[in-house]
Amino acid sequence: ILIESKARLITPLDTNGAGDVFAGAFLFGITRGYSFADSSKLANYCSGAAVAQFGPRLRQKDYKHIKQIFQL
């Protein structure tokens, strides 16, 4: 299966934890019944948020923003 998902433009600061965030968000989507494409969109967005800050954990405001965008 090949899935293409657009990435948003960010200024990368720290890649630490980006893969873990991607995997976690993708698996979250799949286990909740989202399609591969929708799970990929969520994972790309979340890992982009992680790369745009220092440290591997998303901030509370990032979680709230992601929940609003993806209606979680």
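Which helix gives the most residues to the lining of the largest pocket? The legends below, which describe close-up views of a predicted model, begin with this pocket.

**View 1. The largest pocket and the helices that line it.** Helix 1 gives the most to the lining of the largest pocket, contributing four residues. The space within this pocket comes to about 230 Å³, and the elements that each give two or more residues to its lining are helix 1 (18–31), helix 2 (36–51) and helix 3 (60–69). In total 13 residues line the largest pocket, and those that lie nearest its centre are Ala25, Cys46, Leu58, Tyr63 and Ile66. When the lining residues are sorted by class, 10 are nonpolar, one is polar and two are charged.

**View 2. The salt bridge between Asp62 and Arg59.** The structure holds one salt bridge, and it is formed by Asp62 with Arg59, whose closest N and O atoms are 3.1 Å apart. The two partners can also be described by their accessibility: Asp62 has a relative accessibility of 13% and therefore counts as buried, because buried means under 20% relative accessible area. Arg59, with a relative accessibility of 41%, counts as partly exposed.

View 3. Ile1, Ile3 and Phe36 together make a nonpolar surface patch of about 340 Å². One of these residues, Ile3, belongs to the segment before helix 1, and its relative accessible area of 31% makes Ile3 partly exposed.

**View 4. Glu4 and Ala37, which are separated in sequence.** Glu4 is located in the segment before helix 1, where it is exposed, since its relative accessible area is 73%. Although 33 residues separate Glu4 from Ala37 in sequence, the distance between them in space is 7.6 Å, taken from C-alpha to C-alpha.

View 5. Is Leu9 buried or exposed? With a relative accessible area of 86%, Leu9 is exposed, as the word applies to residues with over 50% relative accessible area. Leu9 and Ala52 stand 43 residues apart in sequence, while their C-alpha atoms are 9.9 Å apart in space.

**View 6. The backbone at Gln71.** Gln71 is found in the segment that comes after helix 3. The phi angle of Gln71 is near 50°, which is a positive value in a residue other than glycine. Gln71 counts as exposed, because its relative accessibility is 72%.

Technical notes:
Residues numbered from 1 in each chain as written. Predicted model: local features only at pLDDT ≥ 70, side-chain atom pairs only at ≥ 80, totals over all residues. Heavy atoms only, no water. 1 Å grid on protein atoms, 1.4 Å probe; cavity = no way out; pocket = protein on both sides within 12 Å on 5 of 7 lines; lining within 4 Å. Points joined across faces, edges and corners; volume = space filled by probe spheres on them. Nonpolar A, V, L, I, M, F, W, Y, C, P; charged D, E, K, R; others polar. Patch = residues over 30% accessible without salt bridge, like charges linked within 9 Å, V, L, I, M, F, W, Y side chains within 5 Å. Areas by Shrake-Rupley, 256 points an atom, 1.4 Å probe, with all protein chains shown as cover. Salt bridge = Lys/Arg side-chain N within 4 Å of Asp/Glu carboxyl O. Buried < 20%, exposed > 50% of the residue type's maximum accessible area, 1.4 Å probe, protein only.
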